[in-house]
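Subject: Structure for your review

Dear colleague,

Please find the structure below, together with its sequence. My notes on what was found in it follow.

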Amino acid sequence: MSSRDTNVSRRKFLGAAGGAAVTVGLAGCSGNGGDGSDGSDGSDGSDGSDGSDGSDGSDGGETTLLRYGRGSHSPTLDFQNSTSGEVAKVTEQIYDTLINFEPGASTLTDGLASDYSLDGQTATLTLKEGVTFHNGEEFTAQDFVATYRRFVDSEYEYYGGDDYVSAYGPFTLGSWIDEIQTEGDYELTIQLTQTYAPFLRNLAMFAAAVHSEAAIEEYGTDLSENAVGTGPFQLDTLDDTNEQVRLSAYDDYWGEGPEIDEAVFVTVGENSTRAQSLASGELDIIDGIGAQSSQQVDGADGVELVRTEGINIGYMAFNIAAVEPFQDRRVRQAVSHAINTEAIVNQIYSGFATQASQPLPPNVMGHNDDIDPYPYDLEKAQSLLEEAGYGDGFSFELATFQNPRGYNPSPIQTAETVASNLGEVGIEVEINQQSFSPFLEYTAQGRHDACFLGWYTDNADPDNFAYVLLHPQVDDSELTEGQDWVSFDTEGYNTSNRSAWANQEYMDLVEEGQQTTAESERAELYNEAMQVAHDEAPWVYLDYAEELRGVASRVNGFQVSAISGPYLNLVSLE
């Protein structure tokens with residue numbers, strides 16, 4: 001591209017802000033799991049076509065193929081079209097961000113930008129030269145501008161559309177960027193709408209990766225099967241029928257690696273089947289490990305259970321807007337007392353997690369160490385229900401995903417435990433289980449009464465939990481005085497806030513935390529916000545989970561990362 005100077009202003013264009021084997025073949029041979037959702041019926045390729053013809057490179061003389069097993073498929077490969085961590089696992093192999101996280105750490109390092117700084121409300125970045133996209137186009141500042149506009153600019157010709165772009169658009173970039181200036185092809189100056197402490201960390205989030213401007217102009221919103229990035233791997237096949245994604249090494253990658261020729265993401269819905277497939281040599285790395293499967297991995301030859309401290313939370317969100325009893329905080333507190341989260345963590349999650357007490361995990365700045373988890377106390381729960389006028393109980397639907405997640409590796413068993421616990425105080429729970437992608441859509445529309453969910457940090461900043469998950473992000477005029485909730489159909493509503501909670505005291509603290517740069521002052525503000533969130537109980541705080549992976553002994557260089565990743569470009573195979 002020729003050198004161009006541009007000035008893109010937010011003011012000008014922004015609108016509303018099982019025991020069967022797993023099969024991996026070169027064209028994807030495994031079964032589709034019945035309805036194509038989670039593979040839980042075991043139809044996962046037990047026909048024996050396991051690539052034993054040497055196509056996986058195990059004989060050392062042909063293509064080296066790494067097989068990554070997980071519990072859910074990626075329904076899209078456009079990072080602007082999803083909030084799913086399953087999508088991010090794949091797109092982080094294909095795309096790059098301007099700034100990266102050090103593998104296995106929360107410190108920032110250069111990505112597509114060789115130099116970056118934030119001074120007040122101005123971010124300045126110098127981009128690397130000589131980087132190419134998978135389509136051969138050279139990466140320049142214009143690609144970032146086009147990517148940004150496609151995500152947040154309703155007047156841009158190639159804007160994804162309100163029904164297409166995910167909730168990440170506003171809280172990652174759109175709410176904070178006032179103007180982007182480019183000088184030539186490799187200099188970016190970004191003016192912010194306010195002082196915003198986490199901005200550089202936001203640029204390292206998977207949703208802030210960079211599309212090719214040429215690909216945007218050619219494919220518009222059809223970038224899922226036409227993914228074009230600058231990452232270490234390029235898309236080979238997106239096989240929705242068999243729930244596999246196959247990637248091949250990009251030979252002109254600007255960074256380190258890749259050391260393997262191909263990587264395939266394989267969906268295996270059952271934890272135990274995934275663990276068995278790792279132990280039998282049919283998979284190389286697995287995640288989403290539950291209690292039983294972790295024991296399978298730990299006791300198998302030729303594999304290792306790798307664990308590290310996570311930066312995540314699992315929770316049950318009350319839809320306060322939809323269920324009248326939940327609009328009384330005493331009811332929310334009662335439910336929190338009636339659910340035995342200690343038993344869930346110790347018995348169902350087998351000690352690979354700890355009880356949660358607040359939205360921020362213990363290893364994130366602002367976590368309030370003085371807050372304890374709600375104790376299991378049926379007498380207290382019953383008393384609070386009676387005080388609120390619901391002593392005879394009530395009923396609600398609990399929506400849950402079926403597939404394992406790190407923060408909730410056994411969702412159905414957890415839901416059954418919640419239902420049993422609440423039955424002791426007269427609350428009837430109907431469990432509505434769905435596969436992950438439909439579940440996310442269902443709850444994002446606010447159709448649930450309550451739901452299980454969780455969050456892996458995108459950037460290790462408290463804002464990524466406190467603001468993203470529990471701030472409605474609506475105009476103050478949309479709030480009702482004396483009411484701590486808003487409807488999901490409120491204009492501009494942040495659907496990542498699955499509880500519809502809108503507590504003014506909490507919002508004020510979190511907003512002040514965004515605009516405060518002194519770390520000690522920020523920590524105090526988030527400490528106060530966490531106390532409010534604990535006391536008001538918009539969620540039942542379930543757990544903070546460790547990051548667990550099963551890794552075959554033939555895999556070298558793999559690092560478990562609580563942020564970003566997996567870094568498959570650093571992996572080699574024996």
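In these notes, two residues touch when they have heavy atoms within 4.5 Å of each other. Please bear in mind that this is a predicted model.

I begin with two residues in loops. Gln80 lies in the loop between E2 and H3. Leaving aside residues up to four places away in sequence, Gln80 touches Thr147, Arg150, Phe151, Tyr164, Val165, Ser166 and His211. Its relative accessible area is 1%, so Gln80 is buried. Leu112 sits in the loop between strand E4 (108–110) and strand E5 (113–119). Leu112 counts as buried because its relative accessibility is 0%. The residues that Leu112 touches, again not counting those up to four places away in sequence, include Asp96, Thr97, Leu98, Phe139, Val210 and Trp254. Ala209 is 97 residues from Leu112 in sequence, yet the two are 9.5 Å apart in space, C-alpha to C-alpha.

The sheet

An open sheet of seven strands, with mixed pairing, runs in the order E9-E10-E11-E2-E12-E20-E13. Strand E9 (233–239) and strand E13 (303–308) are at its edges with a single partner strand each, so one side of each has no neighbour in the sheet. Within the sheet, strand E2 (residues 65–70) pairs with strand E12 (residues 285–286) in the parallel sense over two bridges. Tyr68 stands opposite Ile285 in E12. Helix H3 lies across E2, E9, strand E10 (244–249) and strand E11 (262–267), and runs at about 15° to E10.

Salt bridges

How many salt bridges are there? The count comes to 18. One of them joins Arg405 to Glu86, with the closest N and O atoms 2.4 Å apart. This pair links distant parts of the chain: Arg405 is in the loop between strand E16 (395–401) and helix H13 (411–423), Glu86 is in helix H3 (residues 85–94), and 319 residues separate them. Arg405 counts as buried at 4% relative accessibility, and Glu86 counts as buried at 2%. Arg405 and Glu86 also belong to a network of salt bridges in which Arg70, Lys89 and Asp287 are linked with them.

Glu536 forms a salt bridge with Arg329, the closest N and O atoms being 3.0 Å apart. Because Glu536 is in helix H17 (residues 519–536) and Arg329 is in helix H10 (residues 329–338), this pair ties together parts that are 207 residues apart in sequence. Glu536 forms a salt bridge with Arg332 as well, where the closest N and O atoms are 3.6 Å apart. Here too the pair ties H17 to H10, so parts 204 residues apart in sequence are brought together. With a relative accessible area of 14%, Glu536 is buried. Arg332 is buried, with a relative accessible area of 0%, whereas Arg329 counts as partly exposed at 38%.

A pair of helices

The axes of helix H8 (residues 271–279) and helix H9 (residues 291–298) come within 8 Å and cross at roughly 10°. Angles under 35 degrees count as roughly parallel, so H8 is roughly parallel to H9. On the H8 side the contact is made by Asn271, Ser272, Ala275, Gln276 and Leu278, and on the H9 side by Gln292, Ser293, Gln296 and Val297. These contact residues divide into three nonpolar, six polar and no charged.

Backbone points to check

Most residues other than glycine have a negative phi, and most peptide bonds are trans. The peptide bond from Gly257 to Pro258 is cis, with omega near -5°, and Pro258 is in the loop between E10 and E11. The peptide bond from Gly565 to Pro566 is also cis, with omega near 5°; Pro566 is in the loop between strand E21 (555–556) and strand E22 (572–573).

Ser350, although not a glycine, has a positive phi of about 55°. Ser350 lies in the loop between helix H11 (341–348) and strand E15 (353–355) and counts as partly exposed at 29% relative accessibility. Ala500 is likewise not a glycine and has a positive phi of about 60°. The place of Ala500 is in the loop between helix H15 (463–470) and helix H16 (504–514), and Ala500 is buried, with a relative accessible area of 0%.

Yours sincerely

Definitions and conventions
Residues numbered from 1 in each chain as written. Predicted model: local features only at pLDDT ≥ 70, side-chain atom pairs only at ≥ 80, totals over all residues. Heavy atoms only, no water. Axes fitted to C-alpha atoms, helices over the stretch in contact; angles between N-to-C directions. Helix = DSSP H or I, 4+ residues; strand = E, 2+ residues; numbered from the N terminus. Parallel < 35°, antiparallel > 145°, perpendicular 65-115°, else oblique. Nonpolar A, V, L, I, M, F, W, Y, C, P; charged D, E, K, R; others polar. Buried < 20%, exposed > 50% of the residue type's maximum accessible area, 1.4 Å probe, protein only. Salt bridge = Lys/Arg side-chain N within 4 Å of Asp/Glu carboxyl O. Pairing = 2+ DSSP bridges.
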